[in-house]
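This report goes through a single protein chain. Please look over the sequence and the 3D structure before reading on.

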Amino acid sequence: RFERLSAQPTVDYYKDGDVHERQMLSFLSEPLQGDLELGGHALLELALSSSENDGAIFAYLSELDADGNLRFITDGCLRLAHRQVSEAPAKYQAVWPFRDYSRKNAKRMTPHEVERVQIALLPIGWTLKAGSRLKLSLSGADAEHFQQVPHGRPPRFTFQLGGAQGCSLRLPVVSSKS
């Protein structure tokens, strides 16, 4: 999608996405019993710690269809120094966590301390067919598009999974046939 922003004729955003996703932490849903229509922003809520005082999280949401084909749906990213959610200005409507990305709200991570972080994925309009699975893949880098944060010291992330305090993905479900 970043190439599309520079007016390059991009049809497939991640042609080799399955190769890249094999190197990431990934979660795969059970096969869908019926069609699932999504419309809007998916919201990823992570409970994580980092070995460094900064870093970035890249999240990729894909459809793995019943035939084994992986199709990129959307993605989102966040530099962890900008994880602070702020009140949106009165005339600004947002259905996702608002951030002003100001220096005063930038905050370093405390290494090895678990924090909750929200990442809004880019808005989507997508219908998954029965038998498909949702795949969420997480990475601490996207070398094709962004520099490593922090430079020279790739962070090691630990995620808290399961239960009310674990990571979650909220989907913008329009309709579900299951």
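## A lysine in a strand

Lys135 is found in strand β8, which covers residues 133-139; helices (H or I, at least four residues) and strands (E, at least two) are DSSP runs, numbered from the N terminus. With 16% relative accessibility, Lys135 counts as buried. Here buried means under 20% relative accessible area, exposed over 50%, and partly exposed in between, with a 1.4 Å probe and protein chains only.

Leaving aside residues up to four places away in sequence, Lys135 touches Glu21, Ser26, Phe27, Leu28, Tyr60, Leu61, Ser62 and Leu70. A contact means heavy atoms within 4.5 Å.

## Basis of the model

The model is predicted: local features need pLDDT of at least 70, side-chain atom pairs count only at pLDDT 80 or more, and totals for chains, interfaces and linings use all residues. Residues are numbered from 1 along each chain as its sequence is written, and side-chain values use heavy atoms, with hydrogens and water left out.

## Overall layout

The protein has two helices and 11 strands, in the order α-α-β-β-β-β-β-β-β-β-β-β-β along the sequence. Of its 178 residues, 38% count as buried. Among contacts with a separation of 6 or more, 80% are between residues 24 or more positions apart.

## Salt bridges

Side chains of opposite charge can pair when their charged atoms come close. A salt bridge is counted when a side-chain nitrogen of Lys or Arg is within 4 Å of a carboxyl oxygen of Asp or Glu. The whole structure holds seven salt bridges.

One of them joins Arg170 and Glu45 at 3.3 Å, N to O. This pair links distant parts of the chain, since Arg170 is in strand β10 (residues 168-170) and Glu45 in strand β3 (residues 43-50), 125 residues apart. Glu45 is buried, at 14% relative accessible area. Another salt bridge, between Arg83 and Glu115, has an N to O distance of 2.8 Å. Arg83 lies in the loop between β5 (70-79) and β6 (115-120) and Glu115 in strand β6, so the pair ties together parts that are 32 residues apart in sequence. Arg83 is buried at 8% relative accessibility, and Glu115 is buried at 14%. Salt bridges that share partners also join Asp54, Arg79 and Arg108 into one network.
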